[in-house]
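Subject: Structure handover

Hello,

Here is the structure I promised to pass on. Please open it alongside this note, and my findings follow below.

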Amino acid sequence: MYIPKIGACKLRRKGGNPYSDGKPKQARVLKRRGKWYAVVTYEVDVPERADDGMAVGVDMNVGQVATSTGHLLVMPNQKRLIARRRRYQRMMNRRKTGSKRYRRAKRMHAKTTAKLANQKKDWRHKVSRVIANSAHTVVVEDLNTKGMTRSAKGTAAQPGKHVNAKAGLNREIQNTGWSQLRAMLDYKAGRLVAVNPKHTSQTCHVCGHVDARNRRTQAEFKCVQCGHESHADINAALNIWASGSGATGRGRAATLVGPTIRQIDMLTAAYPV
């Protein structure tokens with residue numbers, strides 16, 4: 001790549017160029033954490049995906065994604081990296097701002113923060129690809145993420161309640177990245193359908209009974225009318241699937257297993273609970 005005022009530069013990438021048949025259209029040179037990177041945009045021919053008539057429902061929850069095929073895709077455990085980042089933060093607080101030891105701790109803090117972000121983005125890319133490959137139509141909830149992550153502090157005249165608990169929930173929602181995952185599904189799937197999220201977690205997929213008592217805990221679902229028991233997120237994914245695909249009948253998760261379950265199993269093994 002020829003860079004003005006610098007000259008010809010040789011680029012390297014692990015795995016080589018994935019778009020060797022494409023036409024380079026644009027390049028950006030960035031400096032991140034003391035290293036230089038070139039982001040090259042290629043124009044590639046993407047064949048239009050044929051509609052196979054299959055649909056999959058996706059329920060996005062805190063730290064995991066559930067599908068109507070009966071699978072839970074859990075985010076990677078990042079507790080060790082989070083603890084490491086906090087350690088570097090304490091090191092920065094103890095050291096004199098601008099000193100050599102302070103800059104070293106700041107550099108390690110930035111490196112750990114970038115690794116956390118890259119792991120989460122990599123997980124979203126893999127999850128969205130597996131889901132998009134499982135069916136032509138992907139059905140998700142039309143969630144107002146910005147409103148759901150609004151602060152609960154309130155005002156001086158009307159202070160909020162359970163502020164710390166709400167701040168923790170907001171942080172977990174943002175870490176899961178619902179908006180980014182939906183954006184990835186939008187361009188990877190053949191068709192993306194967004195449905196009303198009202199009562200999807202309280203409705204029994206078998207009999208259709210709606211009751212807040214159906215969802216006993218975060219993961220346990222038991223219908224108070226028909227006695228159907230299931231994982232709460234998978235039950236919600238089935239309701240989302242039925243709402244978006246126009247299904248009139250109701251059934252259990254075992255009847256909806258698609259042809260790419262092996263890929264989902266491989267992803268689940270890569271990111272265990």
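One caution before the details: this is a predicted model.

In S8, Val139 is the bridge partner of Gly57. That contact belongs to the pairing of S5 with strand S8 (residues 137-141), which is parallel and covers 3 bridges. S5 also pairs with S6, this time in the antiparallel sense, over 4 bridges. There, Met60 has Val65 of S6 as its bridge partner. S5 and S6 form a hairpin with 2 residues between them. Gly63 sits in the turn, with a positive phi of about 80 degrees. Strand S5 itself (residues 55-61) is mostly covered, with 6 of its 7 residues buried.

Now the whole sheet. It is open, has 5 strands and mixed pairing, and runs in the order S7-S6-S5-S8-S9. S7 and strand S9 (191-195) are the edges. Each has a single partner strand, so one side of each lacks a neighbour in the sheet. On average, neighbouring strands are turned by 25 degrees against each other, direction ignored. S8 and S9 run parallel and are joined by 5 bridges. Val138 stands opposite Leu192 in S9. H5 packs on the sheet and touches S5, S6, S8 and S9. The direction of H5 makes about 165 degrees with that of S5.

Next, the packing. As a rule, nonpolar side chains in soluble globular proteins tend to be buried together. The largest nonpolar core here has 19 residues. Val58, Met60, Ile131 and Val138 have the most contacts inside it. S5, helix H2 (100-134), S8 and helix H5 (178-188) each supply at least two residues of this core. H2 gives the most, with 4 residues. Leaving aside neighbours within four places in sequence, Met60 is in contact with Val140, Trp178, Leu181, Arg182 and Leu185. Another core lies apart from the largest one. This other core has 5 residues, among them Tyr88, Met92, Tyr102 and Ala105.

Last, a loop residue. Is Ser68 buried or exposed? Ser68 is found in the loop between strand S6 (64-67) and strand S7 (72-74). Its relative accessible area is 1%, under the 20% cut-off, so Ser68 counts as buried. Ser68 and Asn235 are 167 residues apart in sequence, yet their C-alpha atoms are 7.6 Å apart in space.

Best wishes

Conventions:
Residues are numbered from 1 along each chain as its sequence is written. This is a predicted model: local features need pLDDT of at least 70, side-chain atom pairs count only at pLDDT 80 or more; totals for chains, interfaces and linings use all residues. Side-chain values use heavy atoms; hydrogens and water are left out. Buried means under 20% relative accessible area, exposed over 50%, partly exposed in between (1.4 Å probe, protein chains only). Two strands pair if DSSP finds at least two bridges between them. A nonpolar core is a set of buried Ala, Val, Leu, Ile, Met, Phe, Trp, Tyr and Cys residues joined through side-chain atoms within 4.5 Å. Contact means heavy atoms within 4.5 Å. Axes are lines fitted to C-alpha atoms, for helices over the stretch in contact, and angles run from 0 to 180 degrees between N-to-C directions.
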